[in-house]
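Biologist: Can we go through this model together? I'd like to talk about a sheet and then the ligand site.

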Amino acid sequence: MTDFSQIFVGGQWRAGGGGLADSIDPADGSLVARHGVASVADVDEAVAAGHRAAADAEWRGMLPHVRARLLHRIGDAIEAQAEEIAALQTADTGKTLGETRALALSAAGTFRYTAAALETLDDALTTPRGPFMTMSVHEPIGVVGAITPWNSPIASDAQKVAPALAAGNAVILKPAEWTSLVSLKFARIVEAAGLPAGLLSVLPGPGATVGDAIVRHPGVGKISFTGGTVTGKRIAAIAGEKLMPVSLELGGKSPTIVFPDADIDHAIAGIMFGIFSSSGQSCIAGSRLFVHRSIHDAFLARLVERTQALRVGRGTQSGTQVAPLVHFAHRDKVAAYVEAAQADGARIMCGGSAPRGAGYDDGAYYLPTIIAGADHASAICQEEVFGPVLVAIPFDDEDHLVAQANDSVYGLACGIWTRDFARAYALARRIAAGTVWINTYKQFSISTPFGGVKESGMGREKGREGIRAYMQQKSLYWGLDPQPLPWANG
Ligand code: NAP
């Protein structure tokens with residue numbers, strides 16, 4: 001059984017300066033564990049240890065294929081403990097075991113892909129423009145801060161820690177307050193796999209103090225942040241003051257579009273998965289559904305029927321499709337959005353409340369909800385609810401559709417359902433989004449870059465180039481001219 005009371009500071013397991021906090025199982029409100037909380041002094045210590053570890057000659061000089069072996073060992077260890085990680089993450093977040101298993105395996109895959117990419121990542125000889133040879137090489141930044149949200153902890157931790165280590169940095173990881181357990185477990189796995197001490201610190205604690213101290217710390221050279229847009233903007237402002245690179249993976253309000261020629265069974269399955277899996281707590285949730293008016297009412301009737309049949313229950317129960325939300329406070333926030341939409345005149349087609357009865361009353365559950373008749377300017381169409389709430393909107397012509405789909409501060413993802421590939425391609429290029437899925441939704445690949453436009457973020461994660469985001473480029477000029485430079489000779 002993992003001891004969660006200690007935090008991981010510069011390679012040492014010890015009590016955090018911030019005391020202890022409770023992790024609550026949202027399925028029934030029970031205590032999962034008490035975990036250690038860091039203080040600002042712990043941040044100072046972790047950054048100092050990170051600098052020592054990152055500067056160590058053995059780590060700095062470690063050849064990429066040797067460092068890749070270490071990343072492979074971490075990936076293997078995550079996979080070997082995937083069941084344990086999944087059970088822990090289900091208790092901490094409420095998510096279904098099917099999902100947390102997939103997240104653990106995806107974290108293992110992230111380490112392996114990053115290892116393979118690292119082994120084959122070339123520096124470049126650039127085309128010479130004079131009597132010299134020119135090279136573009138890449139070096140580590142030093143100490144990187146990684147700040148992650150609560151919705152997919154092990155996967156988001158891996159998505160930042162793997163490329164940051166591959167690039168030769170030390171990492172200070174701050175998980176979300178509500179879901180710190182799996183990140184502490186992750187630290188134990190990474191340590192046991194042989195990562196030299198000091199290269200990873202895991203500091204649970206409040207964003208406003210511990211997270212803020214990491215961002216402001218003069219010894220931290222980059223922040224990789226995933227979370228809400230409000231927090232992301234605050235971090236970007238501080239990064240601007242420090243002239244520090246920052247990558248931001250932020251919120252979304254993604255449109256999903258259904259044309260009359262779509263394969264309707266596929267579209268319904270994809271839309272349901274896109275908004276109701278993870279109980280809608282997904283940055284790329286397809287939360288705005290645009291359906292062509294000619295099929296809108298029939299399509300919605302089928303969607304509502306299928307949605308009402310979804311199995312809502314504990315994440316540990318086999319067959320559960322919609323698990324509780326991460327926290328009671330978050331469930332109440334989701335409920336408030338739906339109530340406000342109703343007060344604004346929108347119609348609740350299904351759901352719209354917490355389920356009642358034995359097994360539900362003690363948990364943070366919310367029924368999968370479909371809303372129609374909302375004004376596109378209203379909060380339910382414009383703001384990220386981050387829960388199992390879908391708003392359906394009819395459309396007539398494509399120009400108006402594009403204008404409405406793009407009428408959002410966000411630009412994270414989009415789904416298009418049609419059999420007309422030329423139309424799908426043309427539309428995909430007109431939608432302001434970092435990712436567009438055509439005839440599928442919420443599918444991920446570590447080999448494909450991911451990120452948002454507009455207020456959904458800056459920078460990209462994943463892909464071979466994902467490692468570069470944690471490096472600084474340097475140019476080398478090698479003089480080859482047998483003659484001295486002419487200027488000094490007059
Ligand atoms: P959040 O409130 O912004 O928190 C994210 C992380 O930032 C947490 O670890 C939080 O710590 C920390 N934090 C809060 N205030 C901070 C500050 N002033 N300085 C430094 N760190 C601070 O977001 P959330 O509610 O946890 O997560 C949900 C959001 O994440 C949604 O908007 C979702 O769309 C977004 N998200 C985006 C992606 C993507 O890839 N684009 C993926 C997943 C989630 P505490 O928990 O201790 O407050």
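**Sheet and ligand site**

Modeller: This is a predicted model. It has an open sheet of 3 strands in the order 5-6-22, with antiparallel pairing.

Biologist: Which strands stand at the edges?

Modeller: Strand 5 (124-126) and strand 22 (471-479) do; each has a single partner strand, so one side of each has no neighbour in the sheet. Neighbouring strands here are turned by 30 degrees against each other on average, direction ignored.

Biologist: How many bridges join strand 6 to strand 22?

Modeller: 9 bridges, with strand 6 covering residues 132-140 and running antiparallel to strand 22. M135 stands opposite L476 of strand 22.

Biologist: OK, ligand now. How many residues surround the ligand, and which are the closest?

Modeller: 29 residues, the closest being T148, G228, T231, L250 and E384. By class, the shell has 13 nonpolar, 10 polar and 6 charged residues.

Biologist: Which polar atoms lie by the ligand's oxygen atoms?

Modeller: A polar backbone atom of T148 is 2.7 Å from a ligand oxygen. For E177, a backbone N or O atom lies 2.9 Å from an oxygen atom of the ligand. T231 uses a polar side-chain atom, 2.7 Å from a ligand oxygen. The ligand taken alone exposes 910 Å², and the protein buries 85% of that.

Biologist: Which helices and strands each supply at least two residues of that shell?

Modeller: Helix 8 (207-216), strand 10 (222-226) and helix 9 (229-242).

Biologist: And where does the ligand lie relative to the domains?

Modeller: Between domain 1 (6-250 + 452-476) and domain 2 (255-438), because both give residues to its shell.

Conventions
Residues are numbered from 1 along each chain as its sequence is written. This is a predicted model: local features need pLDDT of at least 70, side-chain atom pairs count only at pLDDT 80 or more; totals for chains, interfaces and linings use all residues. Side-chain values use heavy atoms; hydrogens and water are left out. Two strands pair if DSSP finds at least two bridges between them. Helices (H or I, at least four residues) and strands (E, at least two) are DSSP runs, numbered from the N terminus. Axes are lines fitted to C-alpha atoms, for helices over the stretch in contact, and angles run from 0 to 180 degrees between N-to-C directions. A residue is near a molecule or strand if one of its heavy atoms lies within 4 Å of it. A polar contact is a pair of N or O atoms within 3.5 Å; within protein, one must be able to donate a hydrogen and the other to accept it, and residues adjacent in sequence count only if both atoms are side-chain atoms. Accessible areas come from the Shrake-Rupley method with a 1.4 Å probe; for residues, only the protein chains shown count as cover. Ala, Val, Leu, Ile, Met, Phe, Trp, Tyr, Cys and Pro count as nonpolar, Asp, Glu, Lys and Arg as charged, and the others, Gly among them, as polar. Domain bounds come from an automatic or database domain assignment.
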